[in-house]
Amino acid sequence: MEKQIKQVLPSTFAESIYRLDGKPFRLSDRHYLDPIYNGQIEEGLIMSGRQVEKSTTNSTHMANHTLLLENFKGLYFAPLTSQVKEFSNERLGKLYEYSNQDVIKKDYIDKHDSQAVFMKTIKKTNSTVYLKHCYGLGDNIRGITVNGIWGDEIQDIHIDALPVIKECQSHALEAGARMRVTWYTGTPKTFSNTIQQKWDQSSQNEWVVKCPHCGKYQIMGIKNLRPKQFVCRKCEMELPKMSIVNGFWLPLAPEKKLKGFRISQLMVPWITAEDIWSKYADNYSLDKFHNEVLGRSYENASKPFTPVMLGRISANNQRMFNRCEGEFANVPVYMGVDWGTGEKSYTVVSIYARNSNGKFQLLFIKRYAVGEELDPDYQINDICYMMQNYNVCLAVVDWGFGYDRYKKLQNIFGVSRVVACYYSFNQKLRKKYDLDQARWIVNRTQVMQEYVTSIQKEDILWPGADKSEFPWLYDHHLSEQAEYRKSEKTGRSEDLMYTHPEGQPDDALHSCVYAKLAEEIFRETGSGAIAFSGVDESERGGW
Ligand SMILES: [Zn+2]
């Protein structure tokens, strides 16, 4: 019996067992879902408009894995707790609760199984689903081992969180169902958004429709819209529903391992041409129409830094300093360190001090990008040398990735000269000290915004004469994007989020932000005063 079920096509299995809103689940006229249900795709992406049954597809697809495979471990994640609860209770939970002839409750689930919001288990197959929200960089999802990952609403998830979550699959081939499957779904926003970045890396399957009148193959868009019907973009005759239903997927980048599918409201069988027209002509803004109807990105992101702004803070008569001399001989010096992984991002150290005009001047900046520089021990030794050489009074270093390196530095120089900074995406307070972990937790958006302002106001000065030695400092600023995204707390308001396109790192920017934080913390707490000689408490008040 069990063997027979497994040989059935997953889409057929789904239609035979699930019920939706009291009726048997049907995939009629939804051929575009065939590869998603039956294609045995290891890594997939659905970039779609709204109201195209995305949650239904996620839930039936996920439920299929838990019922058809033994020992399957799956993870569902979405940005907000409310979204996770909704999916768990209203979607996945109801599929298990109401099936044809109650077959899931009778044959698959035992009374000892968990049907909790954040974990569901299936006795018959020994499968488990975890459901979690993804705040910030996905730290709360670390540590579980799963075969399957379904990431939903990824347009509101930071691009850097995805590799963190993918780590949950690192033992997938030896554990659980001994296989790996990943699906990302979401609705596009801007071109720098997470989902567009994943789309760009994907096979980019587009639904192609053939005109029955002139034979033109086409991907449907605005040119196919009329008030009462869809038309061929070439001959302008009506495109009948069956031509749209019987389209086919065409991959624009077939060699890509990540299989991407764009599903628009123009493809689905239950949304009419009139509906689409009224959204286009009357009701929706152009960005909303592109995002939610066409399932395409639309630009509304802004660049916080421009070449002109960076040009203004670059003084062509200034060079980097090899040690603190002249006006910098007797002032506090600050260091910021952002650790890189050595693959796409590199460790960057920047050293700043206030010059005699009161500007926060970059004295030295270094990126560890080649050969022995990539070795963490080399970096530690070099940073130790710079701490002494520049008489740094306080260094703020990234807490996240380079934790062991940070601890080493702190053991050498003490908590008064080396502190860590942890970026929070949802902490209300601008910054607070976390005694347990001996680190500062700062509101990422707020400190970034202030850093942007200090560059706009030209409070920062870079040694422009040595520009050619650190072109990446400029790149790391120019790649930064400011975007409005759904609030992680309430889901109601839109929060400003700073992000960067994948493959265009921003480590140098963060090392500068940390150096600026070092100055702020030093001025508030006085920590690090032991670092330089000849200045006592009474003098320090004057800076
Ligand atoms: Zn035609």
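The protein splits into domain 1 (2-27 + 37-189) and domain 2 (307-540). This is a predicted model. The C-alpha centres of domain 1 and domain 2 lie 41 Å apart.

**Nonpolar cores**

- The largest nonpolar core holds 65 residues. Tyr76, Phe77, Leu92, Cys134 and Ile165 touch the most other members.
- Helix α5 (residues 81-97) supplies the largest share of this core, with 5 residues.
- Another core, of 61 residues, lies apart from the largest one. Its members include Met335, Tyr352, Ile365 and Cys393.
- In soluble globular proteins, nonpolar side chains tend to be buried together.

**Contacts of Ile165**

- Neighbours within four places in sequence are set aside here. Ile165 is then in contact with Phe77, Cys134, Gly138, Ile141, Ile149 and Gly151.
- Of these partners, Phe77 and Cys134 are also among the residues that touch the most other members of the largest core, as is Ile165 itself.

**Leu9**

- Leu9 sits in the loop between α1 (2-7) and α2 (10-17).
- Leu9 counts as exposed because it has 11 C-beta neighbours inside 10 Å, and the cut-off for exposed is 12 or fewer.
- From Leu9 to Glu520 the C-alpha to C-alpha distance is 62 Å, with a sequence separation of 511 residues.

**Helix α17**

- Helix α17 (residues 507-525) has 19 residues. From first C-alpha to last, helix α17 reaches 26 Å, close to the 27 Å expected at 1.5 Å a residue.
- Helix α17 is mostly covered, with 15 of its 19 residues buried.
- Gly526 follows helix α17 and has a positive phi, near 75°.

Conventions
Residues numbered from 1 in each chain as written. Predicted model: local features only at pLDDT ≥ 70, side-chain atom pairs only at ≥ 80, totals over all residues. Core = buried A, V, L, I, M, F, W, Y, C linked by C-beta atoms within 7 Å. Buried ≥ 20, exposed ≤ 12 C-beta atoms within 10 Å, placed from the backbone. Helix = DSSP H or I, 4+ residues; strand = E, 2+ residues; numbered from the N terminus. Contact = placed C-beta atoms within 7 Å. Domains from an automatic or database assignment. Expected span 1.5 Å × (residues − 1).
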